[in-house]
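Here are a few friendly notes to read alongside the model.

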Amino acid sequence: MSKSNKVKAKTPRLKQLICLAVIAQVGAVSAQENETPEKENDSGIEKIIVTAEKRAQSLQDVPVAVTAFTDTQLHDTGTFDLDGISEQTPSLTITEFGVGEPQLFIRGIGSTIDSIGADPSVAVFLDEVYIGRSAGATSELFDMERVEVLRGPQGTLYGKNVVGGAINLISKKPTDDFDVLLESSLGNYGQQDIRAAIRGGLTDNVFGSLSMSTRNRDGYSKNVTTGGELDDLHNHSARGILRILPRDDMELTINADFMAGRGNGNARHIDPVAGPFAALLGAILSPDP
């Protein structure tokens, strides 16, 4: 037998050894992957329960792209509005040209119509109630139990207009445990924030809570023509919840919330205007961007 024939005879055995080595490596990787959930459970990772599919489920079991924030996470990160949520959520972008005119985008899907009466492509729900106008998305997130951001179309469970995604705001339900919370914070640009909440049992089957938040800050920019501040913040909000349990199998929850925002909005550069109104607008607008 020639040398070339000997090499050809040994080649199949060499391929078998290589295949066995690859299979053994894949098996080792699979074993490590199977062990990962057990290690995560043993490490004490917080189990987050969400209602993204209209039922209570563990966040890890929901077959939807969901980013959830618990009340502890919202507090520790200083997140009290959807702008703060967008900074921590993949594919979520929020802009606000003026008070009551937010524009929400998820995965690039949204609406550029900055009208207070426009129907948003990204829907916001407060305690499973649809907020039909985008101005409702500017509410404060103080005293919330959880915030869920669902990415992608959610028409099956949330309605045909929810083509970009949905944002669920879940308030804290009052119980018979009496609790009082008072927080205050100060910052640069004259920032002054005050938050307070009280909750507890009113009778054996009636529970209530009342929370308020006020946030004030000077503007980051200034209109060089009028001297007025822009990008400022003056928000005041309050929320009251009444929870009634007339029977063991019945629950009635009444939620009333109020929010007033008086900021001057973002800085905008107006293009030069021609026509009959040029002289009028030129008196109040600066040509220098």
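1. Let me start with how the chain is connected. Among contacts between residues at least 6 apart in sequence, 51% join residues at least 24 apart. Please keep in mind that this is a predicted model.

2. On the overall make-up, the secondary structure comes to 5 helices and 17 strands. The chain has 289 residues, and 33% of them count as buried.

3. Next, the largest nonpolar core, which has 18 residues. Leu82, Ile85, Leu104, Val147, Ile167 and Leu169 are the ones that touch the most other members. Two or more residues come from each of these elements: helix α3 (82–86) and the strands β4 (92–96), β5 (102–106), β7 (122–126), β9 (144–151) and β10 (165–171). Another core, of 12 residues, lies apart from it, and its members include Ile48, Ala52, Leu150 and Tyr158.

4. Leaving aside neighbours within four places in sequence, leucine 169 is in contact with Leu82, Val124, Phe125, Leu126, Asp127, Ser139, Leu141, Met144, Arg146 and Val147.

5. Now the largest pocket, which holds about 1000 Å³ of space. Its lining is made of 46 residues, and those nearest the centre are Asp81, Asp83, Glu96, Leu233 and Asn235. By type, the lining divides into 15 nonpolar, 19 polar and 12 charged residues.

6. Which elements give two or more residues to that lining? They are α3, β4, β12 (191–201), β13 (206–217), β16 (233–247) and β17 (250–261). Strand β17 gives the most, with 5 residues.

7. Finally, a look at arginine 199, which lies in strand β12. Is this residue buried or exposed? Arginine 199 counts as buried because its relative accessibility is 11%, and the cut-off for buried is under 20%. Its side chain is joined to that of aspartate 143 by a polar contact of 2.2 Å.

8. For the rest of the surroundings of arginine 199, again leave aside neighbours within four places in sequence. The residues in contact with arginine 199 are then Asp143, Lys172, Asp177, Phe178, Asp179, Gly208 and Ser209.

How values were computed
Residues numbered from 1 in each chain as written. Predicted model: local features only at pLDDT ≥ 70, side-chain atom pairs only at ≥ 80, totals over all residues. Heavy atoms only, no water. Core = buried A, V, L, I, M, F, W, Y, C linked by side-chain atoms within 4.5 Å. Buried < 20%, exposed > 50% of the residue type's maximum accessible area, 1.4 Å probe, protein only. Helix = DSSP H or I, 4+ residues; strand = E, 2+ residues; numbered from the N terminus. Contact = heavy atoms within 4.5 Å. 1 Å grid on protein atoms, 1.4 Å probe; cavity = no way out; pocket = protein on both sides within 12 Å on 5 of 7 lines; lining within 4 Å. Points joined across faces, edges and corners; volume = space filled by probe spheres on them. Nonpolar A, V, L, I, M, F, W, Y, C, P; charged D, E, K, R; others polar. Polar contact = N/O pair within 3.5 Å; in protein donor to acceptor, adjacent residues only side chain to side chain.
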